[in-house]
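Hi everyone, thanks for coming. Let's take a few minutes to look at one structure together, starting with the whole chain and then zooming in.

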Amino acid sequence: MRKLNLLFVIAFFAVFSFQACHYQAHHDHDHDHFHAHPILYATLYQQYAAEYRALCYQAFNLASMQLEKEVAVGYDYPLAVVVDIDETVLDNSPYQATAILEDFGYPKRWAEWVELAIAEPVPGALEFLLEAEEKGVEVFYITNRKEEFREATLKNLLEQGFPYADDDHLLMRTVENDKEPRRRMILEMYHIAVLIGDNLGDFHSTFDTDQADLRMEYTDEKKLEFGSRWIMLPNAIYGTWVNALPGYEHGITPDELAFELQKGLKGF
Ligand SMILES: [Mg+2]
């Protein structure tokens, strides 16, 4: 019996050390080729941090309070809620995750992801927009997705149960990224109760600049709008803020980009 026990212990350690060596070798091999992708932490934050979730709920709770206030005021025009789509009502983090795992950058394989039409709602988005519908407030989606993605975008929104997911309420990117002309179109017939987005350009075109100091300045100027007429969602993965970073270059590899961007870090 004791002999059997000893044999068992030896066998256990033999298997265990083989596994450990195997793991170590594999791990080292991966490390040799591993460089942190510029969006690694940001993507994990969106996918795993309950804090991200809480920020989204906070944003839509504020939107709800704002909407209630505006409904109570009563305007001559019918009310509308205007939302952006990506990282405002639909979560594209699986696309970003695959970009990290397979080491590519936007716009590579973006079309493939959009056509799948499987993006899930940003926490709180669906509930808020259904609440707007219930209050008789129309929802408009202003997105900079290209016109060619209209059908896939509507399919995705509809399958997730979003209200007003139809051609009349979906304003895709036209000739320009600037969303102001599309906001104006809505303003001709509606009073916009609240604007919701993850990029400052979703609120005002003054923010559509890649000059970081100007973006900061305009944000300070407009600080009272945030949390009332303008509701901001967190997006640490991408946006105009990335293009405004010192050292940002379009079209270089994720590796090269990480190298350039770290030069802008403000240390002590
Ligand atoms: Mg967006």
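**From the whole chain to one aspartate**

Of the 268 residues in this chain, 26% count as buried. Please keep in mind that this is a predicted model. The chain has 11 helices and seven strands. Among contacts with a separation of 6 or more, 80% are between residues 24 or more positions apart.

Now find the sheet. Five strands form an open sheet in the order S5-S4-S1-S6-S7, and their pairing is parallel. Strands S5 (170-173) and S7 (230-232) each have a single partner strand, so one side of each has no neighbour in the sheet. On average, neighbouring strands here are turned by 20° against each other, ignoring direction.

Something packs on this sheet, too: helix H3, residues 50-73, touches S1, S6 and S7. The direction of H3 makes about 175° with that of S6.

Let's move to S1. Four bridges join S1 to S4, residues 138-146, and the two run parallel.

Next, aspartate 84, in the loop between S1 (79-83) and S2 (90-91). Is aspartate 84 buried or exposed? Count the other C-beta atoms within 10 Å: there are 23. The cut-off for buried is 20 or more, so aspartate 84 is buried.

Who are its contacts? Leaving out residues up to four places away in sequence, aspartate 84 touches Ile142, Thr143, Ile196, Gly197, Asp198, Asn199 and Asp202. Also, aspartate 84 and phenylalanine 140 are 56 residues apart in sequence, yet 8.5 Å apart in space, C-alpha to C-alpha.

Terms used:
Residues numbered from 1 in each chain as written. Predicted model: local features only at pLDDT ≥ 70, side-chain atom pairs only at ≥ 80, totals over all residues. Buried ≥ 20, exposed ≤ 12 C-beta atoms within 10 Å, placed from the backbone. Contact = placed C-beta atoms within 7 Å. Pairing = 2+ DSSP bridges. Axes fitted to C-alpha atoms, helices over the stretch in contact; angles between N-to-C directions.
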